[in-house]
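Here's a quick tour of one protein model, written for someone who likes cut-offs spelled out. Have a look at the fold first, then read on.

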Amino acid sequence: MFLLCVFQTLEAVLNFKYSGGAGKVEGYYRELSLGVHVDVEPSVFFTRVSTLPATSTRQCHLLLDIFNPTEHELTVNAKNNQDLVLHASECQRMAIQVDKFDFESLPQPKEETVPYTNPKQLEEHRQHAQGCQINSKLGICWSIISFCSGCI
């Protein structure tokens, strides 16, 4: 599976100070610290990627099988495409007509400009940079319909 979104963990400590009634008048208060741990998971997976020739030799159709692992309906859009509506736990194929490009010709990060000494970290950085380049060409975005305020 290819991920469009990166797994991320967020942690925070919320500190509350509260008082009321006679204690407030006397200047007494209570403090509460609450630890919060949130795992941010992707809302879109690409389960399969393939290509088909287009009518122009300079273009091709990129076929993406897109899976929605959430419990919500969401829309996926790419440049010059109609919205694809995915229901909860549904997978559908989206075809995007794109100009051909040589994947190997995408800019490579220079080892001296990347602060990683571990080859695995350097490769992850390279893949992330290439993913950003590809996404800028495709313009893929998605939104969870029930979370949008003011969406049409």
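Ser89 sits in the loop between β7 (84–86) and β8. Its phi is positive, about 55 degrees, even though Ser89 is not a glycine. For context, most residues other than glycine have a negative phi, and most peptide bonds are trans. Ser89 is exposed, with a relative accessible area of 53%; here exposed means over 50%, buried under 20%, and partly exposed in between, with a 1.4 Å probe and protein chains only.

A word on ground rules: this is a predicted model, where local features need pLDDT of at least 70 and side-chain atom pairs count only at pLDDT 80 or more, while totals for chains, interfaces and linings use all residues. Residues are numbered from 1 along each chain as its sequence is written, and side-chain values use heavy atoms, with hydrogens and water left out.

Now the overall layout. The protein chain has 2 helices and 9 strands, running β-β-α-β-β-β-β-β-β-α-β along the sequence. Those are DSSP runs numbered from the N terminus: H or I with at least four residues for helices, E with at least two for strands. Of the chain's 152 residues, 20% count as buried.

How many salt bridges does the structure hold? The count is 1, taking a salt bridge as a side-chain nitrogen of Lys or Arg within 4 Å of a carboxyl oxygen of Asp or Glu. The partners are Arg93 and Asp65, whose side chains meet at 2.7 Å, N to O. Arg93 belongs to strand β8 and Asp65 to strand β5 (residues 59–67), so the pair ties together parts that are 28 residues apart in sequence. Side chains of opposite charge can pair when their charged atoms come close.

Val76 and Ser143 are 67 residues apart in sequence, yet their C-alpha atoms are 6.8 Å apart in space.

Here's how some of the residues in this report compare for accessibility:

| Residue | Relative accessible area | Class |
|---|---|---|
| Val76 | 1% | buried |
| Asp65 | 12% | buried |
| Phe16 | 41% | partly exposed |
| Arg93 | 42% | partly exposed |

β2 (8–18) and β3 (30–40) each supply at least two residues, and β2 gives the largest share, 3 residues.

Finally, the second largest pocket has a volume of about 180 Å³. A pocket is an open set of points on a 1 Å grid over the protein atoms alone, where a 1.4 Å probe fits, with protein on both sides within 12 Å along at least five of seven lines; lining residues have an atom within 4 Å of a point. The volume is the space filled by probe spheres set on the points, which are joined across faces, edges and corners. Among the residues lining this pocket are Lys79, Asn80, Phe101 and Leu138. β8 supplies the largest share of the lining, 4 residues.
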